[in-house]
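Subject: Structure handover

Hello,

The structure is below for your files. My notes on what was found in it follow.

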Amino acid sequence: MSHPVEVTPEMEASDSGLSRKGLSAGSVGLLGAIVIGISCIAPAYALTATLGPTVSEVGFQVPAIMIVGFVPMLLVALGYRELNRAMPDSGTSFTWATRAFGPYLGWMAGWGLVSATILVLSNLAGIAVEFLYLLVAQVTGNAGIADWSSNVWINVLTCLAFMAVATAIAYRDMQTTQRFQYVLVTFQVAVLVIFAGAAVWRIGRGEAFDASPVELSWFNPLAVESFSLFAAGVALSIFIFWGWDVTLTMNEETTNPEKTPGRAAALTVVIIVTLYLLMAVALIAFAGTGTGELGLGNPDIQENVFMALAEPILGPLALLVSLAVLSSSTASLQSTFVSPARTMLAMGHYGALPASFARIHPRFLTPGYAVLVSSVVASTFYAVMRFISENVLWDTITALGMMICFYYGLTAFASVWYFRTQFALSARNFVFMFLAPLIGGFVLLVVFFQTLFDSMDPDYGSGSAVGGVGLVFLLGMAVLLSGVGIMLYQRARMPGFFRGETITQGVSDGQEDMTVTLPE
Amino acid sequence: VSFLVAYSDTPAGRDALSVGVRYADATGESLDIVVVRLFERSTPPLDGYTRHVEAVTRGWLDKAADRARRVLRPEQVRIHQWMADSVSEGLFDAAATLGSSLVVVGGANDGVRGRLAVSSLARVMLHSSPVPLALAPRRIRKLKLSGISRVTVALGSHEPETVVAFAAGLAERAGRPARAVTLVDPGQDASFKPAAVGTTVAWTSESAPGETVSEALAQVSWEPSEVLVLGSSRLATAGRIFLGSTAGKILREVPVPVIMVPLRSDDQGDDPDGGQ
């Protein structure tokens, strides 16, 4: 399938050569959009990375927290969709927050997005490494190989290799075919269902590790002991839905821009929530929340629970779980790579970062420079963290949840503020532009500050601490403060953006916002 | 009909553009400058990003069109962004839609200066293109050449009609002479009969004897603005280009652009191969 985008010389200069017609031949249909959505969320990866930490925060109430965590995500995404319609721009949160709140908050929103995705890149690669060696061990029947991933040097080198391959793929824009993408996602979902089914079957045969009968209270968020734990749980469950919003931002690329994105988003979330609840209930019922060998509260297995549970539940079929997580995290590596790169591209374009970030590779048509920078930073970050903390995966996941709350919260408020002249015009506007993002943004900001505050405790998260202060707190603050530092440095070097020369602060007039679609 | 330039804002793309402009100038054909952009399949499409890439690509195309219009009439030049799942597929589709009679591609970045270096894109196209394919030698744009001075066709023991006809047609439209070079074993002589072609083109004919392709080609002299036309291997699917082994050797030896022509099913196959 291919199709011309006709660009004729007669087009007026004000049109800036942007032609939107003619994309239909290759556009994304409903199924395609769902597959991209699930692939970005990477449920197999997200579950194995967060189930343990979430259990350690909220115990049996994981299913409740998953449902509750989705609500602010949904509310913010509604505002996100409105902003994307008004200002379809590569910079997303960065551009929108700048337009609403001016250059400083805008810069920090961009920084939040970029740093969160860079954190997740390193976590994704870290999980991929563990499952790679587990898979090799399972295939060769040599259990010792699985332990290679706990050797810091082997681990870091393998991780860097993974990153290098993913970088090359993103840099050269080597898209997998649609069919392969479908196969990967179907496989991932099927394995999770089999995994959950097998756990239930074992429980029925009395072979559960710590059989815990399902109770209605698992679905009751109010049963979580304290607000701190609740906030921590929400931060984690926001992470597991992260990526879902992409289904809402592909308007123009879909066969039916009016309906496809909304339907795809709805169906994706139904599939994902069902899958998460199924997995969470089955695994908790099988393994309990205790700290025993396979208990989900056992700190030794928490940062990657599938790795510990696949074998006891699936026996020889555990191989499938390794394959599913490995394929889900590597596929997600590629789509995750493009996200910070596109934001940095816009930041470079508007002068918020050096101009080299704005470069599009003339042959591969990718934001090549931004991809390379993301890769180097994520690789360095992973390597350093791996040497500092044994529980690096755990701590990055928690810090990550915080950063997502930060930039999502800012984005939600950007919607509220930018659309302040519009939301009184109709009930629809009131809900999507004001009420939903306001509540969503408020919840995220509360969660952000609560988590930030709690994480000062050295026992927070995995219990890693430096100088008596929790590592998660230090990570979060280091990320935020280095953002402020780079921003001030950038202002000294290239003050134009900070004087509002490229993006002016403004307010919606109800139309598509043309001030941010700068021609070259 | 028109000529299509597979463009990118790279040295190889500018080499292709310079060759395309020269041939359009020589023949009066129109020139379609095409950049192929890939659909996003494994990464989430994002409206704003897509538009950004489109705008940047548009800027490159405008620059390319300006350059082409220094030589060609403004209405002779058109620019396009073509969406596809792969670059070669997009170029084939564009050529079919635009009715192109020739697709011009640049070489790889690591080739010998002035010689053809087959890029990964060219390699794919050299084994599948349904349209005649012109390969631009590396840095040919620096030579400040214009037009076509002569069209040469390399032959073996057979004279595939499509190939000779293509060469004759090109020479006729350019109003320039054609030459048939027949690669033969040492001591032999070739007898090419241009009368069969039925055009007004002035043909010359020469044989290039040699044990190897290199040896034979060493006998052949080239004008800087010459173009060499080659036929596909007989292994080719009818109507598609397939680079034969002899043609592959010739590609690496000659200092001028090469046009590979797909064979019709009634043609006899890769002739340079037959002769060696």
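S2(B) gives the most to the lining of the largest pocket, with four residues. This is a predicted model, in which local features need pLDDT of at least 70 and side-chain atom pairs count only at pLDDT 80 or more, while totals for chains, interfaces and linings use all residues. Residues are numbered from 1 along each chain as its sequence is written, chains are lettered from A and ligands numbered from 1 in the order in which they are written, and side-chain values use heavy atoms, with hydrogens and water left out.

Pockets

The largest pocket holds about 870 Å³ of space (a pocket is an open set of points on a 1 Å grid over the protein atoms alone, with protein on both sides within 12 Å along at least five of seven lines; a cavity is a set of points where a 1.4 Å probe fits but cannot get out; lining residues have an atom within 4 Å of a point). Volumes are the space filled by probe spheres set on the points, with grid points joined across faces, edges and corners. Of the 36 residues lining the largest pocket, Arg363(A), Phe364(A), Val87(B), Ser120(B) and Leu121(B) lie nearest its centre. In chain B, helix H1 (11-27), strand S2 (30-38), helix H3 (87-98) and helix H4 (120-126) each supply at least two lining residues (helices are DSSP runs of H or I with at least four residues, strands are runs of E with at least two, numbered from the N terminus). By class, the lining has 18 nonpolar, 13 polar and five charged residues (Ala, Val, Leu, Ile, Met, Phe, Trp, Tyr, Cys and Pro count as nonpolar, Asp, Glu, Lys and Arg as charged, and the others, Gly among them, as polar).

The second largest pocket has a volume of about 580 Å³. Its lining consists of 23 residues, and Glu130(A), Ser149(A), Ser150(A), Asp300(A) and Glu303(A) lie nearest the centre. H12(A) gives the most to this lining, with three residues. The lining of the second largest pocket divides into nine nonpolar, eight polar and six charged residues.

Helix packing

Helix H6 (residues 152-171) and helix H12 (residues 368-388), both of chain A, pack at an angle of about 170° with their axes 10 Å apart (axes are lines fitted to C-alpha atoms, for helices over the stretch in contact, and angles run from 0 to 180 degrees between N-to-C directions). H6(A) and H12(A) are therefore roughly antiparallel to each other (the cut-off is over 145 degrees). Their contact has 14 nonpolar, five polar and one charged residues.

Cavities

There are seven cavities of 30 Å³ or more in the structure. About 430 Å³ of space lies in the largest cavity. It is lined by 29 residues, of which Thr117(A), Gly243(A), Asp245(A), Val246(A) and Ser339(A) lie nearest its centre. H11(A) provides the largest share of that lining, seven residues.

The second largest cavity has about 340 Å³ of space. Among its 27 lining residues, Asp173(A), Arg342(A), Leu38(B), Glu40(B) and Tyr49(B) are the closest to its centre. The lining of the second largest cavity comprises 15 nonpolar, seven polar and five charged residues.

One residue

Tyr460(A) lies in the loop between helix H14 (427-454) and strand S2 (465-466) of chain A. Tyr460(A) is buried, with a relative accessible area of 10% (buried means under 20%, with a 1.4 Å probe and protein chains only).

Regards

Terms used. Parallel < 35°, antiparallel > 145°, perpendicular 65-115°, else oblique. Buried < 20%, exposed > 50% of the residue type's maximum accessible area, 1.4 Å probe, protein only.
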